[in-house]
Amino acid sequence: VTVGINVDPDNPGGRPTPERLLAAQFEGVRLTARDNPQNRQYVADMVTAGFQVVAIVGTGDNAGFVPPHPEVVLQIFNEPDLDGPTALEPAAYADVFATFRATFPLYDCWTAGFASGQPAYYEQFLAALSDEHPDINWPNAVAIHPYGQSPDGLRALAEAYWNVTGSIPVVATEWFHSAGQGLIWPFQDALANPNAGVCTVWNSFFPWGISMTPELGGLVDPSQECIAEGFELISALDGVC
Amino acid sequence: VLSQDWELTSLTQPVRKVVVVPGGSVLASTDQQLLRTDDSGLTWSPVTLPPATALAGVDPADAGILYAAGGAGVYRTDDPGATWRVILHYSPQVGTDFGRLAISAADDNRLYVALTGPASLIRLMRSDDAGVTWQPLQASQSSRCAWTIPLLQADSTQPDQVFQSAACLAGRTFGASLKQSTDAGASWLALFNPEPYQTPALGYPSHLAIGPGRYYLASNRDARLGGSGVFRSDDDGTTWNEVLAHHGGGTPGYRQADQDPDAPNVRIGGLVVDSANADLVYVGLQVYRGYPPVQMVGGGVLISADGGASWKTLGQDLGGISDLVLSAENQRLYAATDQGLWSLAVPSTGAAARQSPR
(Lines give C-alpha, C1' and ligand atoms only; values in the text may rest on other atoms or scores of the structure.)
Protein backbone atom coordinates (compact mmCIF):
# COMPACT_ATOMS: atom_id res chain seq x y z
CA VAL A 1 0.00 0.00 0.00
CA THR A 2 1.34 3.41 -0.90
CA VAL A 3 0.32 6.05 1.59
CA GLY A 4 0.39 9.52 0.10
CA ILE A 5 -0.50 13.05 0.99
CA ASN A 6 -2.30 15.78 -0.94
CA VAL A 7 -0.08 18.79 -1.54
CA ASP A 8 -0.18 22.03 -3.52
CA PRO A 9 3.15 23.34 -4.82
CA ASP A 10 1.50 26.65 -5.63
CA ASN A 11 0.37 27.20 -2.05
CA PRO A 12 3.18 28.26 0.32
CA GLY A 13 1.66 26.22 3.12
CA GLY A 14 1.11 23.16 0.99
CA ARG A 15 4.50 22.16 -0.42
CA PRO A 16 6.43 20.01 2.04
CA THR A 17 9.95 19.00 1.09
CA PRO A 18 10.83 15.42 0.16
CA GLU A 19 12.88 15.19 3.36
CA ARG A 20 9.89 16.16 5.48
CA LEU A 21 7.66 13.65 3.79
CA LEU A 22 10.23 10.86 4.02
CA ALA A 23 10.53 11.47 7.76
CA ALA A 24 6.77 11.26 8.03
CA GLN A 25 6.82 7.91 6.19
CA PHE A 26 4.75 9.10 3.27
CA GLU A 27 5.54 7.42 -0.02
CA GLY A 28 3.53 9.49 -2.47
CA VAL A 29 2.11 12.92 -3.22
CA ARG A 30 -1.01 13.93 -5.08
CA LEU A 31 -1.29 17.35 -6.66
CA THR A 32 -2.85 19.32 -9.46
CA ALA A 33 -0.38 19.44 -12.34
CA ARG A 34 0.25 23.00 -13.50
CA ASP A 35 2.59 24.25 -16.18
CA ASN A 36 4.68 26.59 -14.06
CA PRO A 37 8.33 26.29 -12.98
CA GLN A 38 7.49 25.73 -9.33
CA ASN A 39 5.07 22.91 -10.03
CA ARG A 40 7.35 21.29 -12.59
CA GLN A 41 10.32 21.38 -10.19
CA TYR A 42 8.27 20.02 -7.32
CA VAL A 43 7.15 17.04 -9.37
CA ALA A 44 10.69 16.43 -10.59
CA ASP A 45 12.07 16.57 -7.05
CA MET A 46 9.46 14.13 -5.81
CA VAL A 47 10.09 11.69 -8.63
CA THR A 48 13.83 11.90 -8.00
CA ALA A 49 13.29 11.23 -4.31
CA GLY A 50 11.37 8.09 -5.14
CA PHE A 51 7.85 9.27 -4.38
CA GLN A 52 4.90 8.04 -6.36
CA VAL A 53 3.32 11.16 -7.85
CA VAL A 54 -0.36 11.26 -8.72
CA ALA A 55 -1.10 14.27 -10.91
CA ILE A 56 -4.64 15.57 -11.37
CA VAL A 57 -5.18 16.65 -14.96
CA GLY A 58 -8.03 17.86 -17.10
CA THR A 59 -9.69 20.09 -14.50
CA GLY A 60 -9.34 23.35 -12.63
CA ASP A 61 -6.26 25.29 -13.64
CA ASN A 62 -4.45 22.25 -15.03
CA ALA A 63 -4.88 23.59 -18.57
CA GLY A 64 -4.01 20.22 -20.09
CA PHE A 65 -0.49 20.08 -18.71
CA VAL A 66 0.97 16.61 -18.10
CA PRO A 67 4.26 16.32 -16.17
CA PRO A 68 7.01 14.94 -18.43
CA HIS A 69 7.60 11.87 -16.29
CA PRO A 70 5.84 8.71 -17.46
CA GLU A 71 6.12 7.20 -13.98
CA VAL A 72 3.64 9.79 -12.79
CA VAL A 73 0.09 8.51 -12.50
CA LEU A 74 -2.46 10.69 -14.24
CA GLN A 75 -5.69 11.12 -12.36
CA ILE A 76 -8.11 12.39 -14.92
CA PHE A 77 -10.44 15.12 -13.69
CA ASN A 78 -11.73 15.55 -10.15
CA GLU A 79 -15.10 14.68 -8.63
CA PRO A 80 -17.21 14.78 -11.82
CA ASP A 81 -19.99 12.89 -10.05
CA LEU A 82 -20.76 15.68 -7.60
CA ASP A 83 -23.68 18.05 -8.00
CA GLY A 84 -21.66 21.23 -8.33
CA PRO A 85 -19.09 23.11 -10.35
CA THR A 86 -17.17 19.98 -11.40
CA ALA A 87 -20.22 18.00 -12.53
CA LEU A 88 -19.94 16.06 -15.80
CA GLU A 89 -22.32 13.54 -17.28
CA PRO A 90 -20.77 10.04 -17.27
CA ALA A 91 -20.57 9.99 -21.06
CA ALA A 92 -18.86 13.38 -21.15
CA TYR A 93 -16.43 12.21 -18.51
CA ALA A 94 -15.71 9.10 -20.58
CA ASP A 95 -14.77 11.38 -23.49
CA VAL A 96 -12.34 13.31 -21.27
CA PHE A 97 -10.83 10.11 -19.92
CA ALA A 98 -10.45 8.62 -23.39
CA THR A 99 -8.73 11.75 -24.68
CA PHE A 100 -6.04 11.66 -22.02
CA ARG A 101 -5.65 7.88 -22.21
CA ALA A 102 -5.14 8.04 -25.96
CA THR A 103 -2.85 11.06 -25.87
CA PHE A 104 -0.57 9.78 -23.10
CA PRO A 105 -0.37 6.01 -23.59
CA LEU A 106 2.74 5.57 -21.46
CA TYR A 107 1.08 6.78 -18.28
CA ASP A 108 -1.08 4.86 -15.85
CA CYS A 109 -4.45 6.56 -15.67
CA TRP A 110 -6.81 6.52 -12.70
CA THR A 111 -10.34 7.74 -12.69
CA ALA A 112 -11.19 11.01 -11.05
CA GLY A 113 -11.87 10.78 -7.35
CA PHE A 114 -15.54 9.92 -7.14
CA ALA A 115 -17.10 11.66 -4.17
CA SER A 116 -20.83 11.18 -4.58
CA GLY A 117 -21.25 7.84 -2.82
CA GLN A 118 -23.18 6.78 -5.93
CA PRO A 119 -21.38 3.88 -7.67
CA ALA A 120 -23.96 4.03 -10.48
CA TYR A 121 -22.00 6.97 -11.92
CA TYR A 122 -18.90 4.76 -12.20
CA GLU A 123 -20.91 2.02 -13.88
CA GLN A 124 -22.32 4.48 -16.39
CA PHE A 125 -18.87 5.90 -17.07
CA LEU A 126 -17.42 2.46 -17.80
CA ALA A 127 -20.37 1.64 -20.01
CA ALA A 128 -19.89 4.85 -21.97
CA LEU A 129 -16.15 4.22 -22.23
CA SER A 130 -16.78 0.74 -23.62
CA ASP A 131 -19.49 1.86 -26.00
CA GLU A 132 -17.98 5.06 -27.33
CA HIS A 133 -14.27 4.34 -26.99
CA PRO A 134 -13.86 0.58 -27.40
CA ASP A 135 -10.13 0.88 -28.17
CA ILE A 136 -9.36 2.69 -24.92
CA ASN A 137 -8.12 0.62 -22.01
CA TRP A 138 -10.09 0.83 -18.80
CA PRO A 139 -8.63 2.79 -15.87
CA ASN A 140 -5.77 1.32 -13.90
CA ALA A 141 -7.66 2.20 -10.73
CA VAL A 142 -10.94 3.71 -9.65
CA ALA A 143 -10.57 6.45 -7.07
CA ILE A 144 -12.98 7.43 -4.31
CA HIS A 145 -13.07 10.31 -1.84
CA PRO A 146 -14.66 8.77 1.25
CA TYR A 147 -15.22 11.99 3.18
CA GLY A 148 -17.37 11.78 6.26
CA GLN A 149 -17.33 8.00 6.33
CA SER A 150 -16.73 5.72 9.27
CA PRO A 151 -14.36 2.79 8.71
CA ASP A 152 -17.38 0.57 8.15
CA GLY A 153 -18.85 3.08 5.71
CA LEU A 154 -15.52 3.19 3.90
CA ARG A 155 -15.48 -0.59 3.56
CA ALA A 156 -19.01 -0.66 2.21
CA LEU A 157 -18.28 2.13 -0.22
CA ALA A 158 -15.01 0.63 -1.46
CA GLU A 159 -16.63 -2.77 -1.87
CA ALA A 160 -19.45 -1.24 -3.87
CA TYR A 161 -16.93 0.26 -6.30
CA TRP A 162 -14.86 -2.93 -6.40
CA ASN A 163 -17.95 -4.97 -7.16
CA VAL A 164 -18.70 -2.95 -10.27
CA THR A 165 -16.04 -4.91 -12.16
CA GLY A 166 -14.21 -7.11 -9.68
CA SER A 167 -11.00 -6.29 -11.49
CA ILE A 168 -10.16 -2.61 -11.10
CA PRO A 169 -8.42 -1.68 -7.84
CA VAL A 170 -10.06 0.93 -5.63
CA VAL A 171 -7.88 3.75 -4.32
CA ALA A 172 -8.78 6.56 -1.93
CA THR A 173 -7.16 9.72 -3.28
CA GLU A 174 -8.67 12.06 -0.68
CA TRP A 175 -9.90 11.42 2.83
CA PHE A 176 -10.00 13.39 6.06
CA HIS A 177 -10.91 12.99 9.69
CA SER A 178 -10.28 15.57 12.36
CA ALA A 179 -8.23 14.83 15.43
CA GLY A 180 -10.09 13.83 18.54
CA GLN A 181 -12.79 11.87 16.73
CA GLY A 182 -10.83 8.67 17.23
CA LEU A 183 -11.17 7.81 13.56
CA ILE A 184 -7.81 8.59 11.98
CA TRP A 185 -6.12 5.41 13.19
CA PRO A 186 -8.97 2.99 12.44
CA PHE A 187 -9.61 4.67 9.10
CA GLN A 188 -5.97 4.45 8.13
CA ASP A 189 -5.96 0.83 9.28
CA ALA A 190 -8.97 0.04 7.13
CA LEU A 191 -7.23 1.64 4.18
CA ALA A 192 -3.76 0.22 4.63
CA ASN A 193 -3.89 -2.98 6.62
CA PRO A 194 -3.49 -5.90 4.21
CA ASN A 195 -5.90 -7.97 6.25
CA ALA A 196 -8.60 -5.37 6.64
CA GLY A 197 -7.67 -3.14 3.75
CA VAL A 198 -10.10 -2.05 1.11
CA CYS A 199 -7.88 0.30 -0.89
CA THR A 200 -4.71 -1.73 -1.05
CA VAL A 201 -2.91 0.19 -3.77
CA TRP A 202 -2.97 3.81 -2.64
CA ASN A 203 -4.54 6.21 -0.20
CA SER A 204 -3.79 9.87 0.42
CA PHE A 205 -4.97 12.10 3.24
CA PHE A 206 -6.23 15.58 2.37
CA PRO A 207 -4.54 17.99 2.94
CA TRP A 208 -0.94 18.47 4.05
CA GLY A 209 -1.31 22.04 5.26
CA ILE A 210 -4.20 23.84 6.88
CA SER A 211 -3.42 26.68 4.45
CA MET A 212 -4.87 24.53 1.69
CA THR A 213 -8.29 24.48 3.29
CA PRO A 214 -8.45 26.68 6.37
CA GLU A 215 -11.86 25.62 7.64
CA LEU A 216 -11.21 21.89 7.28
CA GLY A 217 -7.79 21.37 8.81
CA GLY A 218 -4.63 19.56 7.80
CA LEU A 219 -1.52 17.99 9.21
CA VAL A 220 0.50 21.18 9.73
CA ASP A 221 -0.28 24.82 10.43
CA PRO A 222 0.76 27.70 8.16
CA SER A 223 4.20 27.76 9.76
CA GLN A 224 4.55 24.04 9.01
CA GLU A 225 4.31 23.03 12.64
CA CYS A 226 2.57 19.73 13.17
CA ILE A 227 -0.95 19.92 14.59
CA ALA A 228 -3.15 17.28 16.15
CA GLU A 229 -4.19 15.61 12.89
CA GLY A 230 -0.56 15.42 11.85
CA PHE A 231 0.53 13.78 15.07
CA GLU A 232 -2.31 11.24 14.86
CA LEU A 233 -1.84 10.25 11.23
CA ILE A 234 1.94 10.32 11.08
CA SER A 235 2.33 8.37 14.30
CA ALA A 236 0.00 5.77 12.75
CA LEU A 237 2.55 5.54 9.94
CA ASP A 238 5.43 5.26 12.44
CA GLY A 239 6.78 8.51 11.08
CA VAL A 240 8.03 11.75 12.55
CA CYS A 241 5.92 14.81 12.06
CA VAL B 1 -55.76 32.64 1.29
CA LEU B 2 -55.65 28.86 1.26
CA SER B 3 -58.61 28.55 -1.07
CA GLN B 4 -57.09 30.85 -3.66
CA ASP B 5 -55.13 29.81 -6.69
CA TRP B 6 -51.98 31.40 -7.98
CA GLU B 7 -52.35 33.46 -11.15
CA LEU B 8 -49.75 33.29 -13.88
CA THR B 9 -48.67 36.77 -14.86
CA SER B 10 -48.11 37.58 -18.50
CA LEU B 11 -44.45 36.64 -18.05
CA THR B 12 -44.42 33.00 -19.16
CA GLN B 13 -40.71 32.37 -19.69
CA PRO B 14 -38.69 30.56 -17.03
CA VAL B 15 -37.95 33.07 -14.27
CA ARG B 16 -34.85 32.63 -12.12
CA LYS B 17 -34.98 35.63 -9.80
CA VAL B 18 -37.56 38.20 -8.80
CA VAL B 19 -37.17 41.43 -6.86
CA VAL B 20 -39.78 43.87 -5.56
CA VAL B 21 -38.43 47.39 -5.91
CA PRO B 22 -39.44 50.40 -3.84
CA GLY B 23 -42.90 51.49 -4.89
CA GLY B 24 -44.09 47.98 -5.69
CA SER B 25 -42.74 47.47 -9.20
CA VAL B 26 -41.28 44.05 -9.86
CA LEU B 27 -38.09 43.00 -11.65
CA ALA B 28 -37.79 39.49 -13.00
CA SER B 29 -34.68 37.83 -14.40
CA THR B 30 -35.12 35.23 -17.10
CA ASP B 31 -32.35 33.31 -18.82
CA GLN B 32 -32.30 35.94 -21.55
CA GLN B 33 -33.14 39.29 -20.01
CA LEU B 34 -34.25 41.47 -17.13
CA LEU B 35 -37.89 42.58 -17.23
CA ARG B 36 -39.89 45.08 -15.24
CA THR B 37 -43.58 45.43 -14.50
CA ASP B 38 -45.29 48.40 -12.92
CA ASP B 39 -48.79 46.89 -13.03
CA SER B 40 -48.44 43.69 -11.00
CA GLY B 41 -47.43 41.58 -13.97
CA LEU B 42 -49.95 42.61 -16.62
CA THR B 43 -47.29 44.10 -18.85
CA TRP B 44 -43.50 43.79 -18.89
CA SER B 45 -40.77 45.87 -20.42
CA PRO B 46 -37.09 45.00 -20.78
CA VAL B 47 -34.42 46.68 -18.68
CA THR B 48 -31.13 47.09 -20.49
CA LEU B 49 -28.17 45.47 -18.78
CA PRO B 50 -24.47 45.83 -19.61
CA PRO B 51 -23.17 43.05 -21.89
CA ALA B 52 -22.68 39.65 -20.25
CA THR B 53 -24.08 40.72 -16.90
CA ALA B 54 -26.98 39.84 -14.65
CA LEU B 55 -28.90 41.78 -12.06
CA ALA B 56 -26.94 41.86 -8.81
CA GLY B 57 -29.10 44.07 -6.62
CA VAL B 58 -31.61 46.87 -6.29
CA ASP B 59 -31.27 49.89 -4.06
CA PRO B 60 -33.75 49.36 -1.22
CA ALA B 61 -34.61 53.05 -1.11
CA ASP B 62 -34.44 54.19 -4.73
CA ALA B 63 -36.09 52.13 -7.45
CA GLY B 64 -33.98 53.84 -10.08
CA ILE B 65 -30.69 52.50 -8.79
CA LEU B 66 -29.79 49.01 -9.95
CA TYR B 67 -26.61 46.97 -9.76
CA ALA B 68 -25.42 44.37 -12.25
CA ALA B 69 -22.38 42.11 -12.29
CA GLY B 70 -20.40 40.21 -14.89
CA GLY B 71 -18.40 41.38 -17.85
CA ALA B 72 -15.77 43.75 -16.48
CA GLY B 73 -17.00 43.93 -12.91
CA VAL B 74 -19.84 45.35 -10.84
CA TYR B 75 -21.97 48.04 -12.49
CA ARG B 76 -24.46 50.65 -11.29
CA THR B 77 -27.19 52.59 -13.01
CA ASP B 78 -29.03 55.58 -11.60
CA ASP B 79 -31.44 55.84 -14.51
CA PRO B 80 -33.06 52.33 -14.54
CA GLY B 81 -30.73 50.87 -17.14
CA ALA B 82 -30.31 53.79 -19.56
CA THR B 83 -26.65 54.16 -18.64
CA TRP B 84 -24.35 51.98 -16.57
CA ARG B 85 -20.94 52.58 -15.05
CA VAL B 86 -18.45 50.19 -13.51
CA ILE B 87 -18.06 50.73 -9.78
CA LEU B 88 -15.71 47.81 -9.19
CA HIS B 89 -13.42 46.42 -11.88
CA TYR B 90 -12.45 42.77 -11.79
CA SER B 91 -8.73 42.11 -11.47
CA PRO B 92 -6.50 39.41 -10.04
CA GLN B 93 -5.93 41.69 -7.04
CA VAL B 94 -9.62 42.23 -6.35
CA GLY B 95 -11.34 39.19 -7.78
CA THR B 96 -12.26 37.88 -11.18
CA ASP B 97 -15.80 36.58 -10.70
CA PHE B 98 -18.90 37.90 -9.02
CA GLY B 99 -20.10 36.23 -5.87
CA ARG B 100 -22.83 38.32 -4.32
CA LEU B 101 -23.79 41.93 -3.51
CA ALA B 102 -25.68 43.26 -0.52
CA ILE B 103 -27.04 46.76 -0.12
CA SER B 104 -28.02 48.09 3.27
CA ALA B 105 -31.57 49.37 3.52
CA ALA B 106 -30.52 51.37 6.55
CA ASP B 107 -27.86 53.21 4.54
CA ASP B 108 -28.00 52.64 0.83
CA ASN B 109 -24.48 54.00 0.39
CA ARG B 110 -23.29 50.94 2.29
CA LEU B 111 -22.51 48.07 -0.07
CA TYR B 112 -20.94 44.70 0.60
CA VAL B 113 -19.59 42.59 -2.24
CA ALA B 114 -17.99 39.16 -2.39
CA LEU B 115 -15.79 38.33 -5.37
CA THR B 116 -14.05 35.06 -6.14
CA GLY B 117 -11.01 34.08 -8.18
CA PRO B 118 -8.48 33.75 -9.48
CA ALA B 119 -8.41 30.05 -8.56
CA SER B 120 -9.85 29.29 -5.11
CA LEU B 121 -9.70 32.81 -3.70
CA ILE B 122 -12.55 34.75 -2.12
CA ARG B 123 -12.56 38.39 -1.07
CA LEU B 124 -15.18 40.41 0.77
CA MET B 125 -15.23 44.18 0.40
CA ARG B 126 -17.29 47.09 1.66
CA SER B 127 -18.09 50.48 0.26
CA ASP B 128 -19.46 53.28 2.42
CA ASP B 129 -19.95 55.65 -0.52
CA ALA B 130 -22.11 53.68 -2.94
CA GLY B 131 -19.18 52.09 -4.71
CA VAL B 132 -16.84 55.03 -5.19
CA THR B 133 -14.24 53.49 -2.90
CA TRP B 134 -13.87 49.96 -1.51
CA GLN B 135 -12.33 48.63 1.65
CA PRO B 136 -11.11 45.02 1.82
CA LEU B 137 -12.64 43.08 4.67
CA GLN B 138 -11.71 39.44 4.29
CA ALA B 139 -9.72 37.24 1.97
CA SER B 140 -9.35 33.49 2.02
CA GLN B 141 -7.60 30.99 -0.20
CA SER B 142 -8.23 27.30 -0.44
CA SER B 143 -6.97 24.57 -2.73
CA ARG B 144 -8.91 22.50 -5.23
CA CYS B 145 -12.43 23.87 -4.69
CA ALA B 146 -14.82 26.48 -6.09
CA TRP B 147 -16.46 29.16 -3.99
CA THR B 148 -20.17 29.65 -3.75
CA ILE B 149 -21.81 32.43 -1.77
CA PRO B 150 -25.46 31.52 -1.34
CA LEU B 151 -26.11 34.32 1.12
CA LEU B 152 -24.80 37.86 1.65
CA GLN B 153 -27.41 40.04 3.25
CA ALA B 154 -27.32 43.41 4.96
CA ASP B 155 -29.68 44.03 7.83
CA SER B 156 -32.43 46.47 6.92
CA THR B 157 -32.24 48.58 10.08
CA GLN B 158 -28.64 48.33 11.28
CA PRO B 159 -26.12 49.28 8.59
CA ASP B 160 -23.21 47.63 10.43
CA GLN B 161 -25.00 44.29 10.67
CA VAL B 162 -24.48 41.90 7.79
CA PHE B 163 -24.82 38.14 7.29
CA GLN B 164 -22.98 35.79 4.98
CA SER B 165 -22.72 32.14 4.13
CA ALA B 166 -20.00 30.91 1.81
CA ALA B 167 -18.43 27.56 1.03
CA CYS B 168 -15.61 26.39 -1.18
CA LEU B 169 -17.27 23.46 -2.89
CA ALA B 170 -15.50 20.14 -3.25
CA GLY B 171 -16.06 16.57 -2.17
CA ARG B 172 -14.94 17.42 1.33
CA THR B 173 -17.62 20.11 1.73
CA PHE B 174 -21.04 19.21 3.11
CA GLY B 175 -22.23 22.56 4.43
CA ALA B 176 -21.43 26.08 5.52
CA SER B 177 -21.89 28.39 8.46
CA LEU B 178 -24.18 31.38 8.66
CA LYS B 179 -21.97 34.17 9.92
CA GLN B 180 -22.94 37.53 11.34
CA SER B 181 -20.97 40.73 11.59
CA THR B 182 -22.11 43.64 13.73
CA ASP B 183 -19.12 45.83 12.86
CA ALA B 184 -19.62 46.29 9.14
CA GLY B 185 -17.74 43.15 8.18
CA ALA B 186 -14.61 43.66 10.25
CA SER B 187 -15.23 40.55 12.35
CA TRP B 188 -17.59 37.61 12.06
CA LEU B 189 -19.34 35.22 14.39
CA ALA B 190 -20.84 31.91 13.29
CA LEU B 191 -24.53 31.95 14.20
CA PHE B 192 -25.52 28.64 12.63
CA ASN B 193 -23.59 25.49 11.78
CA PRO B 194 -20.32 26.77 13.26
CA GLU B 195 -18.44 23.56 12.36
CA PRO B 196 -19.87 22.58 9.00
CA TYR B 197 -17.36 19.80 8.41
CA GLN B 198 -18.57 18.10 11.59
CA THR B 199 -22.32 18.55 11.06
CA PRO B 200 -23.12 17.74 7.45
CA ALA B 201 -26.84 17.38 8.09
CA LEU B 202 -27.17 21.13 8.69
CA GLY B 203 -26.31 21.90 5.08
CA TYR B 204 -25.75 25.18 3.28
CA PRO B 205 -27.71 28.21 4.54
CA SER B 206 -29.35 29.76 1.52
CA HIS B 207 -32.08 32.17 2.63
CA LEU B 208 -32.41 34.30 5.75
CA ALA B 209 -35.74 35.98 6.52
CA ILE B 210 -35.92 38.40 9.41
CA GLY B 211 -39.23 39.20 11.05
CA PRO B 212 -40.03 41.07 14.23
CA GLY B 213 -37.89 39.43 16.89
CA ARG B 214 -37.27 36.35 14.82
CA TYR B 215 -34.97 34.81 12.24
CA TYR B 216 -35.93 32.06 9.81
CA LEU B 217 -33.11 30.32 7.99
CA ALA B 218 -33.45 27.92 5.09
CA SER B 219 -30.67 25.43 4.56
CA ASN B 220 -30.29 22.92 1.74
CA ARG B 221 -28.36 19.80 2.54
CA ASP B 222 -25.59 18.66 0.28
CA ALA B 223 -27.11 16.67 -2.57
CA ARG B 224 -25.34 13.53 -1.37
CA LEU B 225 -27.43 13.69 1.79
CA GLY B 226 -30.53 15.21 0.21
CA GLY B 227 -33.24 17.31 1.76
CA SER B 228 -33.48 20.65 3.48
CA GLY B 229 -34.62 22.39 6.61
CA VAL B 230 -36.07 25.66 7.84
CA PHE B 231 -34.74 26.76 11.20
CA ARG B 232 -36.15 29.39 13.53
CA SER B 233 -34.40 31.51 16.12
CA ASP B 234 -36.14 33.81 18.59
CA ASP B 235 -32.94 34.93 20.27
CA ASP B 236 -31.00 36.65 17.49
CA GLY B 237 -29.45 33.43 16.26
CA THR B 238 -28.13 32.10 19.56
CA THR B 239 -30.29 28.97 19.33
CA TRP B 240 -32.17 27.43 16.41
CA ASN B 241 -35.03 24.98 16.13
CA GLU B 242 -35.89 23.14 12.95
CA VAL B 243 -39.49 23.94 12.03
CA LEU B 244 -39.65 22.33 8.59
CA ALA B 245 -37.68 19.24 7.63
CA HIS B 246 -37.40 17.30 4.40
CA HIS B 247 -35.07 14.34 4.62
CA GLY B 248 -35.46 12.50 1.34
CA GLY B 249 -33.03 11.85 -1.47
CA GLY B 250 -29.30 11.40 -1.19
CA THR B 251 -26.95 8.71 -2.43
CA PRO B 252 -26.38 5.20 -1.08
CA GLY B 253 -23.03 6.16 0.38
CA TYR B 254 -24.24 9.17 2.31
CA ARG B 255 -27.84 8.76 3.43
CA GLN B 256 -28.27 9.78 7.04
CA ALA B 257 -30.04 7.89 9.78
CA ASP B 258 -32.99 10.25 9.52
CA GLN B 259 -33.22 9.81 5.77
CA ASP B 260 -36.13 8.31 3.87
CA PRO B 261 -34.62 6.79 0.72
CA ASP B 262 -38.04 6.58 -0.96
CA ALA B 263 -38.89 10.23 -0.36
CA PRO B 264 -38.01 12.88 -2.94
CA ASN B 265 -35.21 15.34 -2.43
CA VAL B 266 -36.97 18.58 -1.47
CA ARG B 267 -34.89 21.73 -1.59
CA ILE B 268 -35.79 25.29 -0.72
CA GLY B 269 -35.86 27.96 -3.41
CA GLY B 270 -37.40 30.84 -1.48
CA LEU B 271 -38.23 31.98 2.03
CA VAL B 272 -40.08 35.11 3.16
CA VAL B 273 -41.62 36.30 6.39
CA ASP B 274 -44.26 38.94 6.89
CA SER B 275 -42.50 41.99 8.25
CA ALA B 276 -45.35 42.79 10.63
CA ASN B 277 -46.19 39.27 11.75
CA ALA B 278 -43.26 36.97 12.44
CA ASP B 279 -45.58 33.96 12.67
CA LEU B 280 -46.54 34.29 9.00
CA VAL B 281 -43.88 32.65 6.85
CA TYR B 282 -43.77 31.25 3.32
CA VAL B 283 -41.41 28.67 1.83
CA GLY B 284 -40.90 27.90 -1.86
CA LEU B 285 -39.98 24.29 -2.62
CA GLN B 286 -38.18 22.40 -5.37
CA VAL B 287 -38.83 18.67 -5.59
CA TYR B 288 -36.29 16.38 -7.24
CA ARG B 289 -36.08 12.66 -7.84
CA GLY B 290 -32.77 10.88 -8.10
CA TYR B 291 -29.17 12.02 -7.91
CA PRO B 292 -27.84 14.43 -9.01
CA PRO B 293 -30.81 16.75 -8.48
CA VAL B 294 -30.99 18.34 -11.91
CA GLN B 295 -34.58 17.78 -12.97
CA MET B 296 -37.30 19.37 -10.87
CA VAL B 297 -40.42 17.21 -10.78
CA GLY B 298 -42.57 19.43 -8.60
CA GLY B 299 -42.65 22.09 -5.97
CA GLY B 300 -45.01 24.71 -4.66
CA VAL B 301 -45.30 27.10 -1.78
CA LEU B 302 -45.97 26.29 1.86
CA ILE B 303 -47.42 28.71 4.38
CA SER B 304 -47.28 28.67 8.13
CA ALA B 305 -49.33 31.10 10.20
CA ASP B 306 -48.03 29.85 13.53
CA GLY B 307 -44.31 30.37 13.28
CA GLY B 308 -43.58 27.05 11.64
CA ALA B 309 -45.51 24.81 14.02
CA SER B 310 -47.75 23.70 11.16
CA TRP B 311 -47.59 24.08 7.39
CA LYS B 312 -50.12 24.00 4.58
CA THR B 313 -49.80 24.10 0.84
CA LEU B 314 -50.57 27.52 -0.57
CA GLY B 315 -52.60 27.20 -3.74
CA GLN B 316 -51.89 24.76 -6.53
CA ASP B 317 -48.60 23.03 -7.33
CA LEU B 318 -46.57 25.50 -9.37
CA GLY B 319 -43.63 23.21 -9.96
CA GLY B 320 -40.23 24.09 -8.61
CA ILE B 321 -39.87 27.54 -7.06
CA SER B 322 -36.72 29.37 -8.08
CA ASP B 323 -37.49 32.48 -6.05
CA LEU B 324 -40.21 33.84 -3.81
CA VAL B 325 -40.83 37.44 -2.77
CA LEU B 326 -43.50 39.32 -0.91
CA SER B 327 -44.66 42.74 -1.97
CA ALA B 328 -46.11 44.58 0.98
CA GLU B 329 -47.09 47.49 -1.26
CA ASN B 330 -49.59 45.52 -3.30
CA GLN B 331 -50.06 42.63 -0.90
CA ARG B 332 -48.97 39.94 -3.28
CA LEU B 333 -46.60 37.03 -3.24
CA TYR B 334 -44.59 36.40 -6.39
CA ALA B 335 -43.21 32.96 -7.22
CA ALA B 336 -40.61 32.39 -9.95
CA THR B 337 -40.91 29.08 -11.80
CA ASP B 338 -40.03 27.46 -15.11
CA GLN B 339 -43.56 28.28 -16.29
CA GLY B 340 -43.13 31.95 -15.54
CA LEU B 341 -43.93 34.36 -12.75
CA TRP B 342 -46.97 33.64 -10.60
CA SER B 343 -48.69 35.95 -8.14
CA LEU B 344 -51.12 35.49 -5.32
CA ALA B 345 -52.93 38.00 -3.12
CA VAL B 346 -52.08 37.56 0.54
CA PRO B 347 -53.46 39.05 3.75
CA SER B 348 -52.48 42.57 4.63
CA THR B 349 -48.92 42.87 5.72
CA GLY B 350 -47.09 45.61 7.49
CA ALA B 351 -44.19 47.49 6.12
CA ALA B 352 -42.09 46.13 3.28
CA ALA B 353 -40.99 42.63 4.10
CA ARG B 354 -37.35 41.83 4.63
CA GLN B 355 -36.54 39.00 2.39
CA SER B 356 -33.86 36.61 1.36
CA PRO B 357 -30.87 38.10 -0.45
CA ARG B 358 -31.21 39.03 -4.06
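Hi everyone. A word on conventions: this is a predicted model, where local features need pLDDT of at least 70 and side-chain atom pairs count only at pLDDT 80 or more, while totals for chains, interfaces and linings use all residues. Residues are numbered from 1 along each chain as its sequence is written, chains are lettered from A and ligands numbered from 1 in the order in which they are written, and side-chain values use heavy atoms, with hydrogens and water left out.

Let's start with chain A. It has 7 helices and 8 strands; these are DSSP runs, H or I with at least four residues for helices and E with at least two for strands, numbered from the N terminus. Along the principal axes, the C-alpha atoms of chain A fill a box of roughly 50 × 40 × 30 Å.

Now, what does the interface look like? Chain A brings 34 residues to the contact and chain B brings 24, contact meaning heavy atoms within 4.5 Å. Between them the two chains bury about 2200 Å², 48% of it on carbon and sulfur atoms; that is the accessible area (1.4 Å probe) that two parts lose on being put together, summed over both. On the chain A side, A:Asp83, A:Tyr147 and A:Glu215 lose the most area to chain B, together 23% of what that side buries.

There are also 19 residue pairs in polar contact across the interface, both at pLDDT 80 or more. That term means a pair of N or O atoms within 3.5 Å; within protein, one must be able to donate a hydrogen and the other to accept it, and residues adjacent in sequence count only if both atoms are side-chain atoms.

How many salt bridges cross between chain A and chain B? The rule finds 2, taking a side-chain nitrogen of Lys or Arg within 4 Å of a carboxyl oxygen of Asp or Glu. A:Glu174 pairs with B:Arg144 at 3.4 Å, N to O. B:Lys179 pairs with A:Glu215, with the closest N and O atoms 3.0 Å apart. This pair runs from strand E16 (residues 178–181) of chain B to the loop between strand E8 (202–205) and helix H7 (228–236) of chain A. B:Lys179 is partly exposed at 22% relative accessibility, and A:Glu215 is partly exposed at 47%.

Over all chains, the search finds 22 salt bridges. Let me show you two within chain B. B:Arg110 and B:Asp160 meet at 2.9 Å, N to O. Both sit in loops, and the pair ties together parts that are 50 residues apart in sequence. B:Arg110 is buried at 10% relative accessibility, whereas B:Asp160 is partly exposed at 34%.

B:Arg221 and B:Asp258 meet at 2.8 Å, N to O, and this pair ties together parts that are 37 residues apart in sequence. B:Arg221 is buried, at 4%, while B:Asp258 is partly exposed at 39%. Lastly, salt bridges that share partners join A:Asp8, A:Asp10, A:Arg34 and A:Asp61 into one network.

Note on methods:
Buried < 20%, exposed > 50% of the residue type's maximum accessible area, 1.4 Å probe, protein only.
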